[in-house]
Amino acid sequence: MTLSKLVAEDTIIPYTTWTEDGVISHHEKHIKAGSHIIIDSPALGRNPFSWSNSEKFDPMRWISKTDLGVNHFSGFSMGVRVCIGKRMAEIEMITVIGVMCKEFRMSHVAREGESREEMVQRVLQGSEELNLRPPKFGLKLEKRV
């Protein structure tokens, strides 16, 4: 899910990146007034500077008292411009996920000759372009009986 915004005034956005061996580097990106930007909400949920164990799938982090918690979930924007349909969407998401889990067994599709560990690493890798972009991967749905 992404949030698009129009930049009201020239802005400098600081951001941090890191290499696989843990070398951290800090950067700044100048954004001109009138530019359109997109905020990648899923990438915000995997920021290791904000979340302990950021690579782990942990929906509980959004209600945790020890991490940033629910106040840092930006999928519906925040503050006075929060989406008017937020609560309805949350209820619909819970319903759809519940029905999907009841009706289907879901699994990632491994490439030919790829081990489970290699597949997990591939699915979790992204590319850094000021934000994290997940790779494309197949998802297999099998009807439960």
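Me: Before we look at any residue, what does "buried" mean here?
Reply: A residue is called buried when its relative accessible area is under 20%, exposed when that area is over 50%, and partly exposed in between. Keep in mind that the model is predicted.

Me: Thanks! Then why is Arg122 called buried?
Reply: Arg122 has a relative accessibility of 14%. The cut-off is under 20%, so Arg122 counts as buried.

Me: Where does Arg122 sit, and which residues is Arg122 in contact with, leaving aside neighbours within four places in sequence?
Reply: Arg122 belongs to helix α3. Its contacts beyond those neighbours include Val109, Ala110, Glu114 and Phe137.

Me: Glu114 is on that list. Where is Glu114 placed?
Reply: You will find Glu114 in the loop that lies between β5 (104–108) and α3 (116–124).

Me: Is Glu114 buried or exposed, and how do you know?
Reply: The relative accessible area of Glu114 is 18%. Buried means under 20%, so Glu114 is buried.

Me: What makes the link between the side chains of Glu114 and Arg122 a polar contact?
Reply: These two side chains come to 2.9 Å. A polar contact needs a pair of N or O atoms within 3.5 Å, one able to donate a hydrogen and the other to accept it, so the pair Glu114 and Arg122 is described as a polar contact. Leaving aside neighbours within four places in sequence, Glu114 is in contact with Met119 as well as Arg122.

Me: What makes Lys143 a charge over the ring of Phe104?
Reply: The charged end of Lys143 is 5.6 Å from the centre of that ring. The distance limit is within 6 Å, and the charge must also be within 35 degrees of the ring normal. Lys143 is found to sit over the ring of Phe104.

Me: How many aromatic pairs does a search of the whole structure find?
Reply: The search finds zero.

Me: To finish, what is the overall build?
Reply: The protein has three helices and eight strands, in the order β-β-β-β-α-α-β-α-β-β-β from the N terminus. Of its 145 residues, 15% are buried.

Technical notes: Residues are numbered from 1 along each chain as its sequence is written. This is a predicted model: local features need pLDDT of at least 70, side-chain atom pairs count only at pLDDT 80 or more; totals for chains, interfaces and linings use all residues. Side-chain values use heavy atoms; hydrogens and water are left out. Helices (H or I, at least four residues) and strands (E, at least two) are DSSP runs, numbered from the N terminus. Buried means under 20% relative accessible area, exposed over 50%, partly exposed in between (1.4 Å probe, protein chains only). Contact means heavy atoms within 4.5 Å. Rings of Phe, Tyr and Trp (its six-membered ring) pair if their centres lie within 6.5 Å; planes under 30 degrees apart count as stacked, over 60 as edge-to-face and the rest as tilted.
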